[in-house]
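Me: Can you walk me through a few spots in this protein? I'd like to go one place at a time.

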Amino acid sequence: MKEDKWMNIQVGDIVKVENNQSVTADMLLLSSSEPYSLTYIETAELDGETNLKVKQAISVTSDMENNLKLLSAFDGEVRCESPNNKLDKFAGILTYKGKNYILDHDKLLLRGCVIRNTDWCYGLVIYTGPDTKLMQNCGKSTFKRTHIDHLMNVLVLWIFLFLGSMCFILAVGHGIWENKKGYYFQNFLPWKEYVSSSVVSAILMFWSYFIILNTVVPISLYVSVEIIRLGNSYYINWDRKMFYAPKNTPAQARTTTLNEELGQVKYVFSDKTGTLTQNIMIFKKCSINGTLYGDVYDKNGQRVEVSEKTEKVDFSYNKLADPKFSFYDKTLVEAVKRGDGRVHLFFLSLSLCHTVMSEEKVEGELVYQAQSPDEGALVTAARNFGFAFRSRTSETITVVEMGETKVYQLLAILDFDNVRKRMSVIVRTPEDRVMLFCKGADTIVCQLLHPSCRSLGDVTMEHLDDFAIEGLRTLMVAYRELDNAFFQAWSKKHSEACLSLEDRENKISNVSEEIEKDLMLLGATAIEDKLQDGVLETIITLNKAKIKMWTLTGDKQETAVNIAHACNIFEDEMDEIFIVEGKDDETIWQELRSARAKMKPESLLESDPVNSYLTMKPKMPFKIPEEVPNGNYGLVINGYSLAYALEGNLELELLRTACMCKAVICCRMTPLQKAQVVELVKRYKKVVTLAIGDGANDVSMIKAAHIGIGISGQEGMQAMLNSDYAFCQFHYLRRLLLVHGRWSYNRMCKFLSYFFYKNFVFTLVHFWYAFFSGFSAQTVYDTWFITFYNLVYTSLPVLGLSLFDQDVNETWSLRFPELYEPGQHNLYFNKKEFIALETTYWTMISHFFIWGSLGFYFCVLFFLYSDGLCLMFPNVFQFLGVARNILKLPQLWLSLVLSVVLCMLPVIGYQFLKPLFWPVSVDKVIDRIHHCMRHPLPPPIRTKVKHASSRRSAYAFSHKQGFGALITSGKTMKGKPKKSSLLKK
């Protein structure tokens, strides 16, 4: 046994991984410290989920345990499929001691998983390095360039061709002039000895003009662009409003090449867990026996919002309380302390009805490992209110009730599944009573209640409605006391159903329904799946900016949809939300077509422009135009269906249907599927895409999108290290796009327009002068002016504009997200737009650069034409007194004024008439801003946004099958059964 670096691990090695360590390669689990070689893992790096999952070694290798002699002598042979990106599938055969053993993904530990609640485990390395499933799901790194970069390259090529055409025209003109006039004028302007004819002279003149007119080609453009991008990147790094104080972490622009692209985003692809949510479940409220607990009231009986200043409930009376747990309604603690029977029974139910694992390495410090964060929140709440779940065996559950330790005999666990949407436990109390405790979706549990609970059920349902309006995740809690004889008869049926070889699941479900009836209602719980700060407001703002939000998550469908409603990705006013869950090509095709038929029926006709275009079978790459639906719609599709939809002819059906929707949720996705969805939109839509996530499972889509943003969160640093921009909170995205992105785009567009404009103005004067100089390649300017024109005279004004210009300040940019729309359509700089310098935000620096450059020009002019320089260097400075004499002429100043006025009149006239006759949405917004600046509005009153939704019980619907069977089997217990007892069985 030796320690080694990951890079040295090879296929066939046996590796030991200890608790809380990451798995280094994809490996076959051989044995572990847990009974029956179970191993608990966390897969946040793979699918973003922090709940525990269980793997189990095959029995033939589990007996080796940590015996190094047996492990080193292991000579099994594994034959398996070639490396692939399917996280939930693995097929292989282990040949050992002459026998074959089938291997599946339940026996495989994937690279990126973290070992939890397991002291150690050993594994045989199957895949390493780029062959591992994690790396197979990581996208390829590509060099990202903006749309403006591509356009600049095209324009520079056009300008180069334009330069060639100008030189050709002037060369032809020179040949004609020499042939008609110059040939007869050689006594005064003799030809060079190497010029034999006017044609030769014209060819030479072509290259002379190529040198003189080369200033039209913006050679310094790329350097200037990088300087501007660097400056705008520093603005992002220096922005104090994107600085996250708790982690002392500023926003970080990890690239300088994509700033203006931030002002053109149309699609945002976001992870859910850790990006939109904090992945922290908080026990917020509850309803017990018709009384609602969790609201806080002042001395006057008025309800108040909970804030940091609100006094928390004191749990110091409970030695086992979790110090991190917070609750604010003191009336619930008072009810517990005075011995309210229903309240005690409610929390006893929460402390017993679960599949949570408990660790207590230090006396009194309990650590819960739950299959889902929701279960952990409920058990922790019961613990703090005096009913602490302490430990379990396969047959008992130990609970500390108000300081007194009690042991309950565990008789049965009826676990969650997708159909039942509830969970029950049956226990025998220390008082020898048989009790059934049940929790589940209210729509299911309310049908199982005893008729006497009808009035209590109505009150509880009203409370559940209130919880749903606040976007809380709810469960209903009930119990039933069982007759001992009845239970014994039922237990026999249950055992027979569990041992059945045919239709076992249905038989178990039917037997469970026999006992889960006539329940007595205890109450309901409300858990907050805590969103990150400002998520709701950010998404509302992005919607106003016409930015479409797609959520790509590895989480369960119901959980993802619930969060989409909570943070307003799915609005309650939507006309319909389509769900695609087909399991074959034909079904998925029909579901997508059916959705499109409702959103835009004419899109299915052959006469539809897009269909007509596609029937022509255009060559790749081609772009599909935007299609406008007849309302607001949403789309939900799972990873299994997506695997079919991304193949063959279905991908265009998927794209057209999804892009008509206002929001899309893709759930149960692999990291590679996330990248494929982003690539699909990039390939067929002429839009800018942005991907944002916080985990290693988001790296592939971050790399695939035009812009990748990493959030420094709970799932490590992989997303941040592979991103273009990084920060700590999702709500910073609003400021990054609407302020920094929009400013960068506007500034870059103005800079490019001005840069091309000044180069053309300077160069076309030479072209015009050629017609008055016999096409002789004479310059109209002296050498020093040509040198200083780009270097000094015109560089600082445009740099000042590009670094400091703001059409509106940050407040108005955030208040009117509609200002963002021109960037999405690239209205300010394209092949048609060509404007001059226009500064909308004058600062001292702007004034200094503009008027300073003009003043500097005159200073240099007088200096270069001064008497002193002309006398000292007569061969270099030959224009003695020219500047002094010419500036005295009134004709010069009249020409100067007229030139400026005549050049500006068309621009000013266009800017004045455009909003009147050809207004766009931005012009209307700017007018509203100017009106607001003249007539300031009172600051808006901040109110808590509530969701008028009737959706409930998302936890029960989304919870998959738990550890119930595993617990009752005894496999989770440390004490292994002896081999002799196993043989007897």
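Predicted model: local features only at pLDDT ≥ 70, side-chain atom pairs only at ≥ 80, totals over all residues.

Me: Which residues of helix 6 are buried?

Reply: Ser198, Ser201, Ala202, Met205, Phe206, Tyr209 and Ile212. They cover an arc of only 155° around the axis, so they sit on the same side of helix 6.

Me: And which ones are exposed on the other side of helix 6?

Reply: Trp207 and Ile211.

Me: What covers the buried residues?

Reply: The cover includes helix 5 (147-180) and helix 24 (732-770).

Me: Switching topic: is Met435 buried or exposed?

Reply: Buried, because its relative accessibility is 3% and the cut-off for buried is under 20%. Met435 belongs to strand 23, residues 434-440.

Me: What is Met435 in contact with, beyond its neighbours within four places in sequence?

Reply: Leu345, Val425, Ile426, Val427, Thr429, Tyr479, Arg480 and Glu481.

Me: OK, now the surface. Which residues make the nonpolar patch?

Reply: Phe879, Val882, Ile886, Leu889, Leu892, Trp893, Leu896, Val900, Met904 and Ile908 make a patch of about 840 Å². Helix 31 (882-886) and helix 32 (890-917) each give two or more residues to the patch.

Me: Which helix gives the most?

Reply: Helix 32, with 6 residues.

Me: Where does Leu889 lie?

Reply: In the loop between helix 31 and helix 32. Leu889 counts as partly exposed because its relative accessibility is 38%.

Notes. Residues numbered from 1 in each chain as written. Heavy atoms only, no water. Patch = residues over 30% accessible without salt bridge, like charges linked within 9 Å, V, L, I, M, F, W, Y side chains within 5 Å. Areas by Shrake-Rupley, 256 points an atom, 1.4 Å probe, with all protein chains shown as cover. Salt bridge = Lys/Arg side-chain N within 4 Å of Asp/Glu carboxyl O. Helix = DSSP H or I, 4+ residues; strand = E, 2+ residues; numbered from the N terminus. Buried < 20%, exposed > 50% of the residue type's maximum accessible area, 1.4 Å probe, protein only. Contact = heavy atoms within 4.5 Å. Arc of directions from axis to C-beta.
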